[in-house]
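Here is a short walk through one protein model. Keep the sequence and the 3D view open while you read.

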Amino acid sequence: GALYRALEFDGAAIEALSVEGRMTIANMAIEAGGKAGLFAADAKTLAYTAARGRKDAPLSADPGATYERELTFDVSGMEPVVACPHLPENVKPVGELKGVTLDQVVIGSCTNGRISDMREAAEVLKGRKVAKGVRCIVLPATPGVWKEALKEGLIETFMESGCIVGPATCGPCLGGHMGILADGERASATTHRNLRGRMGSLESGVYLASPAVAAASAVAG
């Protein structure tokens, strides 16, 4: 309830936040210790679901609802942050991680594999090359996102940058396939968990980041 109330607190800020952005925050609310992360459905939400063949009704708290605790966060001017191994809450500003070298970068997953994420990563990668010795794997979240990325020329941008573009899949996020880490390897990923062994070897490390930070890290190495 506290997290929901905090996010609802500034109505203007929530209205400006994309539906994809709300999905990411709701997804990651559990990593912040919540039991669930909810956004009240507004006109933007309903337009988003209607475009995907769904007829939904607004969702909001009851009038006069009370909350155990209300939290407000000011993130204006905040530097991009990265969750370091081996817990999502082990967060540091990206500027403090200079000198950390990477073997792999994964852009995609349910958390950050939507078309807005693909565009964000492609904007950073356009005209640049993935650093030598780094595997950069791009995995759109759904077939629909994959086709839209192809239509917009994003797939071409990724491939020209030296990325490996795979199918719509969770891939290495859950240690499944396409990018399993070996002993001692480090990866930057837009996925949502970086527990020990999550993406392969127990001796590997995963740094969680946004699509823009992950793409820039692939270029920097």
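Start at Cys-110. Its relative accessible area is 42%, so this residue counts as partly exposed. The model is a predicted one.

Now turn to Cys-170. It takes part in no disulfide. Its nearest cysteine sulfur is that of Cys-173, 6.2 Å away. Cys-170 is partly exposed, at a relative accessible area of 43%. Across the structure, the disulfide count is 0.

Next, the surface. Five side chains form a nonpolar patch there: Phe-73, Val-75, Met-78, Val-81 and Val-91. The patch covers about 480 Å². Take Phe-73 as a way in. This residue lies in a loop, the one between helix H4 (43-50) and strand S1 (81-83). Is Phe-73 buried or exposed? Its relative accessible area is 61%, so Phe-73 is exposed.

Thr-45 is buried, because its relative accessible area is 18% and the cut-off for buried is under 20%. Which residues does Thr-45 touch, leaving out those up to four places away in sequence? They are Val-19, Arg-22 and Ala-40.

Terms used: Residues numbered from 1 in each chain as written. Predicted model: local features only at pLDDT ≥ 70, side-chain atom pairs only at ≥ 80, totals over all residues. Heavy atoms only, no water. Patch = residues over 30% accessible without salt bridge, like charges linked within 9 Å, V, L, I, M, F, W, Y side chains within 5 Å. Areas by Shrake-Rupley, 256 points an atom, 1.4 Å probe, with all protein chains shown as cover. Salt bridge = Lys/Arg side-chain N within 4 Å of Asp/Glu carboxyl O. Helix = DSSP H or I, 4+ residues; strand = E, 2+ residues; numbered from the N terminus. Buried < 20%, exposed > 50% of the residue type's maximum accessible area, 1.4 Å probe, protein only. Contact = heavy atoms within 4.5 Å. Disulfide = S-S within 2.5 Å.
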